[in-house]
Amino acid sequence: MQWWQNKGRYAVDRLNKIILPFLNTGIDWQFNEQQHKQLKDYYEANKLLASCLKSDCDVDKKIREKIETNLLLPTIQ
């Protein structure tokens, strides 16, 4: 925690400078209302799953690992 407080901002800034040029895909992400709602719902569902996994819930180890591995991955339609 102390490292994060002292050097975290610097580390994030450096990481952004290194990664951002590779992330510029040239795509103008303009979502309509329905797409925005779907993204928000997906984000909220993932937050709920992560919160449940952090708690002392009784989940089979293999199921927990599968959820953690696939958390925040894009859905396939």
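I began with confidence: the protein chain averages a pLDDT of 80, and 87% of the residues score at least 70. I noted that pLDDT is the predictor's confidence in each residue, from 0 to 100. This is a predicted model, so I kept its rules beside me: local features need pLDDT of at least 70, side-chain atom pairs count only at pLDDT 80 or more, and totals for chains, interfaces and linings use all residues. Residues are numbered from 1 along each chain as its sequence is written, and side-chain values use heavy atoms, with hydrogens and water left out.

**Entry: the fold**

From the N terminus on, they run α-α-α. Helices (H or I, at least four residues) and strands (E, at least two) are DSSP runs, numbered from the N terminus. Among these elements, helix α1 (residues 2-23) has the lowest mean pLDDT, 78. Helix α2 (residues 33-54) has the highest, 88.

**Entry: surface and burial**

How much of the chain is buried? I found that 5% of the 77 residues count as buried. For this, buried means under 20% relative accessible area, exposed means over 50%, and partly exposed lies in between (1.4 Å probe, protein chains only). The accessible surface of the protein chain comes to about 7700 Å², and 58% of that belongs to carbon and sulfur atoms. These areas come from the Shrake-Rupley method with a 1.4 Å probe; for residues, only the protein chains shown count as cover.

**Entry: salt bridges**

I then turned to charge pairs. Side chains of opposite charge can pair when their charged atoms come close. A salt bridge here is a side-chain nitrogen of Lys or Arg within 4 Å of a carboxyl oxygen of Asp or Glu, and the count comes to three.

- In helix α1, Arg9 and Asp13 are four residues apart, about one turn of the helix. Their closest N and O atoms are 3.3 Å apart in the salt bridge. I have Arg9 as exposed at 55% relative accessible area, and Asp13 as partly exposed at 34%.
- Asp41 pairs with Lys37, with the closest N and O atoms 2.7 Å apart. The two are separated by about one helical turn because they are four residues apart in helix α2. Asp41 is partly exposed, with a relative accessible area of 39%.
- Glu44 and Lys47 meet in a salt bridge at 3.6 Å, N to O. Both lie in helix α2, three residues apart, about one turn of the helix. Glu44 is partly exposed at 35%, and so is Lys47 at 41%.

**Entry: patches**

Which residues gather in a patch of negative charge on the surface? I listed Asp56, Asp58, Asp60, Glu65 and Glu68. Glu65 is found in helix α3 (residues 61-70) and is partly exposed, with a relative accessible area of 39%. Patches take residues with over 30% relative accessible area and no salt bridge, joining like charges within 9 Å and nonpolar side chains (Val, Leu, Ile, Met, Phe, Trp, Tyr) within 5 Å. Lys and Arg count as positive and Asp and Glu as negative, while His and the chain ends are not counted. The place of a charge is NZ of Lys, CZ of Arg, CG of Asp or CD of Glu.

I also found a nonpolar surface patch of Leu15, Ile18, Ile19, Leu20 and Leu23, with about 460 Å² of accessible area together. Ile18 sits in helix α1 and is partly exposed at 47% relative accessible area.
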